[in-house]
Amino acid sequence: MLRNMGYCVYDSDSAAKSIMDNSPVVKDFLVKKIHPQSVDAIGKINREIVASVVFSDEYRLKLLNGAVHKAVREDFRKWSNMRHDQNTLFIECAVLCESGLDGEVDAVWEVVAPEQLRVKRVCRRNSLAPAQVLARIKAQRDEADALGRIDRSIVINDGMRPLLPQIESLLGLIS
């Protein structure tokens, strides 16, 4: 919605995927630290294997996040420096605090929805089973606790309340 309104939005999830797909260092890390079959013979990441390992092994998830979050922070800084003429930039990030990107922002808008609705949306979008989605949500629980300690604005995305008035109201606060 913000992009459609003309704002620059950094999508940290897409950036992380791109970094992983294009970084020989990250691919080597995946093979050595996550699972030997994380990357196939032609250099393509097997995301099913990586996800099955990291979402069932907290230690490996922390290893992976540490490597990827650092790369995403560096990428975000490059991205934002190239947009120095913009007054307002946005970061879309599921793990803002855990990634360290919370230190890069002036305000936090948390988008919330009931868990059951979030699971349904992710299952539909990513063709995952509900148990897989719930494992990912569980892996992000610490993020929810960390966000609870941050002054933030809430955007309710429950399919019932219109989003546009909520976003316009928040944009009015930063003008």
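Arginine 152 and glutamate 110 form a salt bridge (a side-chain nitrogen of Lys or Arg within 4 Å of a carboxyl oxygen of Asp or Glu), with the closest N and O atoms 2.3 Å apart. This pair links distant parts of the chain, 42 residues apart: arginine 152 lies in the loop between helix H8 (141-147) and strand S4 (153-156), and glutamate 110 in strand S3 (residues 109-112). Helices (H or I, at least four residues) and strands (E, at least two) are DSSP runs, numbered from the N terminus. The model is predicted: local features need pLDDT of at least 70 and side-chain atom pairs count only at pLDDT 80 or more, while totals for chains, interfaces and linings use all residues. Residues are numbered from 1 along each chain as its sequence is written, and side-chain values use heavy atoms, with hydrogens and water left out.

Glutamate 110 is buried at 17% relative accessible area, whereas arginine 152 is partly exposed at 29%. Buried means under 20% relative accessible area, exposed over 50%, and partly exposed in between (1.4 Å probe, protein chains only).

The structure holds nine salt bridges. Among them is that of aspartate 158 with arginine 161, whose closest N and O atoms are 2.4 Å apart; aspartate 158 is buried at 18%, and arginine 161 is partly exposed at 45%. Another joins aspartate 57 to arginine 60, at 3.7 Å between the closest N and O atoms. Aspartate 57 is partly exposed at 23% relative accessibility, as is arginine 60 at 31%.
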